[in-house]
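Please work through each task before reading its solution.

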Amino acid sequence: MKSRIGTMALLPSRERRKLSLFLILCAAIMAACGAGGPPPQDASVVRNPSSIGGSHDEERSHSLDTMEANDEQLFLSLESEQDAVLEQQLAKRKGALTSEPKSRRGLSFKSKAPGKQRPQARSVDAIERVLIYEATLGMAVLHAQQNLDTIEQLAVDSGGYLVERGTHEIQVRVPAADFSRILREVAALGDVHQRDVKVRDVTAEFSDTTIRLRNAEIVRERLAALLKDAKNVEEALLVEQQLARVAEQIERMKGRLKLMRELAAFSTISVHFREQLAPVRSQVDLPFPWLDELGLHHLLNL
Amino acid sequence: MSRPVTKTFSFIRTDAGSPSAKWGRLSFLLVLAGMLTGCHSFTLFTAKDFVVLDESEPYDFRATTSEGLVMAVRHFDNRSSHGELEFWSTAIENKLRLDQGYALLGKKEVTTLQGHKGVQLRFGLEQDADAQIYLVTIFVTESEVFVVEAGGAESLVKRHQKQIDWSIQEFQIH
């Protein structure tokens with residue numbers, strides 16, 4: 001890092017700007033692609049930040065450019081919820097600079113002493129579990145249409161809605177809080193011969209996507225700031241390209257989060273009414289032929 | 001087994017537990033199985049609305065109303081099988097529910113005035129938007145299994161439910 005600072009100090013300002021822009025764009029590409037793997041355990045991230053940002057004004061401007069790139073690395077490190085020391089180092093660095101660019105103030109995590117609990121926003125335990133419930137019932141009923149009406153009404157009355165409906169099947173979505181109760185009420189309408197209930201825990205995915213979204217928004221803010229400072233068309237185009245890519249990633253992640261929230265808020269119940277006189281399963285043939293002579297078709301055959 | 005002999009008597013029942021007087025005259029149907037075979041005989045009381053059918057095979061007894069509500073009785077040998085009430089009721093339930101697609105709408109224990117304990121299965125069947133109810137009541141002794149059936153259109157069964165319940169309650173095994 002020290003050699004890098006020394007090298008940058010020798011370059012003309014225009015070249016310095018180009019080099020820092022290049023480094024920032026590389027970091028933005030990595031963030032946009034979700035490169036949130038294990039933190040690079042290289043010295044550039046873990047190195048004592050006090051070595052960066054010296055007392056001289058010239059060194060300070062050089063360190064700002066370098067720190068921009070390093071900040072991106074740190075974001076990626078923090079994204080994978082690693083060492084709290086990294087947070088502390090970054091917080092120290094923030095305090096060492098008297099005039100930070102506005103964009104850098106977008107850093108939202110708090111400085112914590114080592115060993116203490118991680119920021120709540122980044123702790124999976126502190127996040128409420130995100131569960132998606134789905135149930136499928138196979139039933140035999142009398143008055144299929146009437147029962148389909150009843151199921152639809154049960155859903156609507158609870159604040160849910162109809163998804164689809166056929167002659168012998170129906171799918172509704174009901175508030176997750178009413179899922180068990182409505183499932184019981186639907187099952188009571190007839191003879192249940194098949195019942196499947198699935199629960200998908202998407203908490204980890206939700207948490208991960210939330211963190212990635214936050215980071216991507218920070219990167220977008222920084223790119224927007226860079227765009228304002230672009231000196232020529234070439235620079236502006238480069239930044240806008242990355243800005244568009246990051247924006248697309250953000251929209252995709254927002255959509256994914258919205259979908260998961262929607263799926264968790266409303267549970268799905270699918271009901272199939274069995275067509276009459278259709279066997280449910282092949283039954284063991286007991287050696288009592290008279291069992292086969294049971295049924296309304298025999299009884300009512302006058 | 002010899003062909004059962006049917007004797008028909010008409011009288012007015014006045015004892016407690018009988019159908020209300022408004023039903024008026026009741027037809028008392030007595031079916032006797034061949035005593036030499038050692039089979040149990042049974043007695044099924046039906047309301048005046050029912051008429052006995054001569055050709056009842058494979059049933060031992062069958063009667064119908066003019067609207068098509070039918071009641072019937074069959075009995076089967078249990079001496080070699082030694083099946084309990086739970087076995088036979090479950091076998092019948094599975095046969096109708098899983099093999100034939102009937103909807104099991106209810107299941108309850110019944111006890112006749114004689115004290116015979118049985119199980120009644122209530123099934124539903126809907127064909128061409130026409131709903132039908134099928135009641136199967138099972139009684140088991142050491143030597144025989146008695147199956148009392150009643151069925152017809154849902155509206156008919158509902159209208160005659162009390163009569164059907166009374167017939168089951170009055171069912172006698174000799």
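A salt bridge is a side-chain nitrogen of Lys or Arg within 4 Å of a carboxyl oxygen of Asp or Glu. The model is a predicted one, in which local features need pLDDT of at least 70 and side-chain atom pairs count only at pLDDT 80 or more, while totals for chains, interfaces and linings use all residues. Residues are numbered from 1 along each chain as its sequence is written, chains are lettered from A and ligands numbered from 1 in the order in which they are written, and side-chain values use heavy atoms, with hydrogens and water left out.

**Exercise 1.** Determine how A:Arg252 and A:Glu248 are placed relative to each other in helix H9 of chain A.

Solution. Step 1: the two side chains form a salt bridge, with an N to O distance of 2.3 Å. Step 2: helices (H or I, at least four residues) and strands (E, at least two) are DSSP runs, numbered from the N terminus. Step 3: A:Arg252 and A:Glu248 are 4 residues apart in helix H9, so about one helical turn separates them. Step 4: buried means under 20% relative accessible area, exposed over 50%, and partly exposed in between (1.4 Å probe, protein chains only). A:Arg252, at 48%, is partly exposed, and A:Glu248, at 46%, is also partly exposed.

**Exercise 2.** Which parts of chain A does the pair A:Glu205 and A:Arg256 tie together?

Solution. Step 1: the N to O distance in this salt bridge is 2.6 Å. Step 2: A:Glu205 belongs to helix H8 (residues 203-228) and A:Arg256 to helix H9 (residues 233-265), so the bridge ties together parts 51 residues apart in sequence. Step 3: the relative accessible area is 31% for A:Glu205 and 33% for A:Arg256.

**Exercise 3.** Describe the contact of H8(A) with H9(A).

Solution. Step 1: the two axes, lines fitted to C-alpha atoms over the stretch in contact, come within 9 Å and cross at roughly 155°. Step 2: the helices are therefore roughly antiparallel, a term for angles over 145 degrees. Step 3: the residues of this contact comprise 16 nonpolar, 3 polar and 8 charged. Here Ala, Val, Leu, Ile, Met, Phe, Trp, Tyr, Cys and Pro count as nonpolar, Asp, Glu, Lys and Arg as charged, and the others, Gly among them, as polar.

**Exercise 4.** Is B:Lys95 buried or exposed?

Solution. Step 1: B:Lys95 forms a salt bridge with A:Asp292 at 2.8 Å, N to O. Step 2: B:Lys95 is buried, at 8% relative accessible area, whereas A:Asp292 is partly exposed, at 45%.

Technical notes
Axes are lines fitted to C-alpha atoms, for helices over the stretch in contact, and angles run from 0 to 180 degrees between N-to-C directions. Angles under 35 degrees count as roughly parallel, over 145 as roughly antiparallel, 65 to 115 as roughly perpendicular and the rest as oblique.
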